[in-house]
Amino acid sequence: MKINIILNDKILTATLNDSPASREFAALLPLTLQLKDYAREEKISDLPSRLTTEGSPEGTAAKKGDITLYAPWGNLAIFYKSHNYVSGLIKLGQLDEPDALPLRPDAYSARFELLTE
């Protein structure tokens, strides 16, 4: 599944995997979220509802550009730096261009839209 992430002056593309959590995330789209910096490694945002963790691994390491769900908090996280294994972290997909996510400002609005073929 392909998505657009629309920022003020930029459109990022990403590819979601085919997991139950990713399909639930895609079902929420279109969705506008406020992304804010967290730990100088990722941009995070609360989701309007919790996503399933069914069929997901217990955790994962994150690579730059990974779009993830942090299950304990129920929030979306997009990593701009790699991170070691974290229990409860579930990969939803990957930015097509991992370096494209803006780091500044610390917080900004992003609209997530499912691309139709």
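Biologist: Leaving aside its neighbours within four places in sequence, with which residues is Phe25 in contact?

Modeller: The model is predicted: local features need pLDDT of at least 70, side-chain atom pairs count only at pLDDT 80 or more, and totals for chains, interfaces and linings use all residues. Residues are numbered from 1 along each chain as its sequence is written, and side-chain values use heavy atoms, with hydrogens and water left out. With contact taken as heavy atoms within 4.5 Å, and neighbours within four places in sequence left aside, Phe25 is in contact with Ile3, Leu16, Leu31, Leu47, Leu51, Leu76, Leu92 and Phe112.

Biologist: Does Phe25 count as buried or exposed?

Modeller: Phe25 lies in helix H1; helices (H or I, at least four residues) and strands (E, at least two) are DSSP runs, numbered from the N terminus. Buried means under 20% relative accessible area, exposed over 50%, and partly exposed in between (1.4 Å probe, protein chains only). Because its relative accessibility is 0%, Phe25 counts as buried.

Biologist: How many residues has the largest nonpolar core?

Modeller: A nonpolar core is a set of buried Ala, Val, Leu, Ile, Met, Phe, Trp, Tyr and Cys residues joined through side-chain atoms within 4.5 Å. In the largest one, Ile3, Ile5, Phe25, Ile67, Leu92 and Phe112 have the most contacts inside it, and its residues number 29.

Biologist: Which elements give two or more residues to this core, and how many residues has the other core apart from it?

Modeller: Two or more residues each come from strands S1 (2–6), S2 (11–16), S3 (31–38), S6 (66–70), S7, S9 (89–95) and S10 (107–114), and from helix H1 (20–28). The other core lies apart from it and includes Ile44, Ala77, Phe79 and Val86; its number of residues is 6.

Biologist: Which residue of S2 is the bridge partner of Ile5, and which residue of S9 stands opposite Leu16?

Modeller: Two strands pair if DSSP finds at least two bridges between them. The partner of Ile5 is Leu12, and opposite Leu16 stands Gly93.

Biologist: What is the relative accessible area of Asn4?

Modeller: Asn4 is found in strand S1. Not counting residues up to four places away in sequence, Asn4 touches Ile11, Leu12, Thr13, Arg111, Phe112, Glu113 and Leu115. Asn4 is buried because its relative accessible area is 14%.

Biologist: How far apart in space are Arg111 and Gln34?

Modeller: Arg111 is placed in strand S10 and counts as partly exposed because its relative accessibility is 31%. Not counting residues up to four places away in sequence, Arg111 touches Asn4, Ile5, Ile6, Pro30, Leu31 and Thr32. Arg111 and Gln34 are 77 residues apart in sequence, and from C-alpha to C-alpha the separation is 8.8 Å.

**Backbone details**

Biologist: What is the relative accessible area of Arg40?

Modeller: Arg40 lies in the loop between S3 and S4, and has a positive phi of about 50° although it is not a glycine. Arg40 counts as exposed because its relative accessible area is 60%.

**The largest pocket**

Biologist: Which element gives the most to the lining of the largest pocket?

Modeller: About 160 Å³ of space lies in this pocket. Of the 13 residues that line it, the closest to its centre are Tyr38, Glu42, Tyr70, Phe79 and Val86. On a 1 Å grid over the protein atoms alone, a pocket is an open set of points where a 1.4 Å probe fits, with protein on both sides within 12 Å along at least five of seven lines, and lining residues have an atom within 4 Å of a point; points are joined across faces, edges and corners, and a volume is the space filled by probe spheres set on them. With 3 residues, the element that gives the most to the lining is S7.
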